[in-house]
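Subject: Structure handover

Hello,

Here is the structure I promised to pass on. Please open it first, then read the notes below it.

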Amino acid sequence: MKAKHWYKLHLVLGLFGSLFLLILGITGSLLVYGKEIQSFLTPMEIGGSEKRLGFDTLYHQFQKQVPDGSIAGWLVSDIVDQPDQIWYHHKENPNQEFVYLLDPFQGNVIGSLKDDRRDSFYGFLLVLHYSLFMGGIGYFITGCFAIIYLLLVFTGIKLYKRFWNSLFRLRFKESFQILFSDLHKFVGINAVWFHLILAITGGWWSIRDTLIRNHPEEKIVHGLWSESKSIESLLKKSKIQIPGFQLGYISFPHHSEDEPIGLYGNRFQSSAWESRYGSYVLFIPNTEDIVRKVDISKVSLLTQVLDAFRPLHFGTFANHFSKILWVMGGLTPAILSISGFLIFYKKRQNKIKSINTRTQSFSLGSNIR
């Protein structure tokens with residue numbers, strides 16, 4: 001394929017995906033510190049104690065405050081000044097799910113959110129980032145744009161295959177078109193590794209969840225987990241099965257009687273490349289027998305790589321160092337989107353100006369003759 005064809009392909013893909021890349025870049029950068037920003041914008045009175053209450057105690061206190069329903073999921077907060085989040089189905093409206101905010105130190109319900117949490121700052125950014133507020137269809141669309149993003153990376157590399165000749169060149173004294181072109185190449189090539197990470201990880205999640213995994217119709221069955229059962233007992237068994245196990249999320253049975261309860265988390269001394277939910281133990285609720293156990297450090301290399309997609313995508317593998325780097329990197333798709341559009345606009349403007357000049361010259365010559 002000739003260079004002009006690669007350019008046209010890159011141009012068409014860029015124009016088609018520019019708005020998405022702009023949204024992706026800005027929301028992605030904000031999401032890196034989204035939870036911290038959420039705490040700053042809407043501070044909550046949490047704590048009063050140095051130690052969390054036990055999960056059985058928290059479960060009992062929660063049920064007293066929100067009766068007549070069933071817990072579907074329990075997200076354990078990984079930030080001290082933020083509450084746990086509990087997904088809950090009420091009996092009178094079983095198909096509608098709420099997210100209740102639970103103070104893990106006092107056991108008090110201190111608020112509630114919609115099931116997708118879009119009525120919070122963090123949830124708003126998250127839903128916009130991965131589904132554009134269009135649900136499952138939007139999630140599939142973002143996956144398609146992730147593929148476009150990946151193609152833009154490959155076509156950009158093909159166009160600028162001798163990038164080392166102008167890797168750090170920014171000609172400020174030249175025209176705006178040349179400056180925008182230099183900026184586009186500078187950001188695109190220097191952050192190519194970052195673009196590949198975002199496009200591959202984001203695209204894989206979308207394809208996996210929309211095309212590979214089956215999502216049966218949601219049917220809620222209440223009473224599959226009761227106060228007489230012990231979460232603490234299951235947690236102790238999980239720590240025996242996976243030494244150093246740290247709980248991050250509990251999936252409660254709420255679809256059928258044969259559905260297990262799952263405890264998801266990671267290891268205390270886990271690798272920086274392990275996600276927060278990569279290791280898990282599934283139990284039969286009534287007998288506490290283990291259905292399945294996964295220690296992410298002992299599974300296949302492919303499974304470990306796929307699990308590493310989460311810290312890679314969100315930049316959490318090296319604490320604040322990687323997170324700050326990801327904030328800056330997250331802005332590069334937005335910069336590429338804006339600079340690419342401006343390059344196209346200036347070229348289009350210059351082309352129209354050139355055509356008008358030639359037309360005027362031709363008309364003048366005809367009048368002279």
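A contact here means heavy atoms within 4.5 Å. Keep in mind that this is a predicted model.

**Gly111**

Start with Gly111, which is found in strand E4 (residues 109–114). Which residues does Gly111 touch, not counting residues up to four places away in sequence? They are Val99, Tyr100 and Leu101. Gln85 is 26 residues from Gly111 along the chain, and their C-alpha atoms are separated by 9.7 Å. The relative accessible area of Gly111 is 23%. Buried means under 20% and exposed over 50%, so Gly111 counts as partly exposed.

**Ile189**

Now go to helix H6 (residues 176–190), the place of Ile189. Is Ile189 buried or exposed? The relative accessibility of Ile189 is 12%, so Ile189 counts as buried. The chain also brings in Gly156, 33 residues from Ile189 in sequence. The C-alpha atoms of Ile189 and Gly156 are separated by 8.1 Å.

**Helix H3**

Helix H3 covers residues 55–65. Its buried residues are Phe55, Asp56, Leu58, Tyr59, Phe62 and Gln63. Why are they on the same side of H3? They cover an arc of only 160° around the axis.

**H7 against H11**

Next, look at helix H7 (residues 192–212) and helix H11 (residues 319–330). They pack at an angle of about 90°. Their axes are 11 Å apart. H7 and H11 are therefore roughly perpendicular to each other. Which residues meet? From H7 come Trp193, Phe194 and Ile197. From H11 come Leu325, Trp326, Gly329 and Gly330. By class, this contact of H7 with H11 has five nonpolar residues, two polar and no charged ones.

**Annotated spans**

Last, the record. An unreviewed UniProt entry places the feature "transmembrane region" at residues 12–34, 186–207 and 324–345. What does the model show for two of these spans?

- Residues 186–207: the chain is 95% helix and 0% strand, with end C-alpha atoms 30 Å apart.
- Residues 324–345: the span is 95% helix and 0% strand, with end C-alpha atoms 32 Å apart.

Over to you.

Best wishes

How values were computed:
Residues are numbered from 1 along each chain as its sequence is written. This is a predicted model: local features need pLDDT of at least 70, side-chain atom pairs count only at pLDDT 80 or more; totals for chains, interfaces and linings use all residues. Side-chain values use heavy atoms; hydrogens and water are left out. Buried means under 20% relative accessible area, exposed over 50%, partly exposed in between (1.4 Å probe, protein chains only). Helices (H or I, at least four residues) and strands (E, at least two) are DSSP runs, numbered from the N terminus. The arc is that of the directions from the helix axis to the C-beta atoms. Axes are lines fitted to C-alpha atoms, for helices over the stretch in contact, and angles run from 0 to 180 degrees between N-to-C directions. Angles under 35 degrees count as roughly parallel, over 145 as roughly antiparallel, 65 to 115 as roughly perpendicular and the rest as oblique. Ala, Val, Leu, Ile, Met, Phe, Trp, Tyr, Cys and Pro count as nonpolar, Asp, Glu, Lys and Arg as charged, and the others, Gly among them, as polar. UniProt positions are given in the numbering used here, feature names are shortened, and annotations may be inferred rather than shown by experiment.
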